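Reader: Hi! Could you walk me through the aromatic rings in this one?
Author: Happy to, let's take a look together.

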Amino acid sequence: MHVGREVEKFLQRTGMPATKFGRLAVNDPRFVLDLRMGREPRSHTVARVIGFISAQERAR
């Protein structure tokens, strides 16, 4: 799974700003920008992001 693709799809579906996503998911408002610039997050960070997306989808 490519976490960047999942994040981009989530942002498109929800309209959430990238900085808000980063701040809420991993406490880093630059997270999405860094992903777009080629950042490869560690497995623990990927798990946090996927967990955040899953929780948000369940809440909707």
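**Aromatic rings**

Author: Phe 21 counts as buried, because its relative accessibility is 0% (buried is under 20% relative accessible area, exposed over 50%, partly exposed in between, with a 1.4 Å probe and protein chains only).

Reader: What kind of model is this, and how are residues numbered?
Author: The model is predicted, so local features need pLDDT of at least 70 and side-chain atom pairs count only at pLDDT 80 or more, while totals for chains, interfaces and linings use all residues. Residues are numbered from 1 along each chain as its sequence is written, and side-chain values use heavy atoms, leaving out hydrogens and water.

Reader: How many aromatic pairs are there?
Author: A search of the whole structure finds three. Rings of Phe, Tyr and Trp (its six-membered ring) pair if their centres lie within 6.5 Å; planes under 30 degrees apart are stacked, over 60 edge-to-face, and the rest tilted. One of the pairs is Phe 10 with Phe 21, tilted, at 5.5 Å centre to centre and 55 degrees between the planes.

Reader: Which other ring does Phe 21 pair with edge-to-face?
Author: Phe 52, at 5.3 Å centre to centre and 80 degrees between the planes. This pair links distant parts of the chain, 31 residues apart: Phe 21 is in helix α2 and Phe 52 in helix α4 (residues 43-59). Helices (H or I, at least four residues) and strands (E, at least two) are DSSP runs, numbered from the N terminus.

Reader: Is Phe 52 buried or exposed?
Author: Buried, with a relative accessible area of 12%. Ring pairs join Phe 10, Phe 21 and Phe 52 into a cluster.

Reader: New topic: what is the average pLDDT?
Author: The protein averages 96, and 98% of the residues score at least 70; pLDDT is the predictor's confidence in each residue, from 0 to 100.
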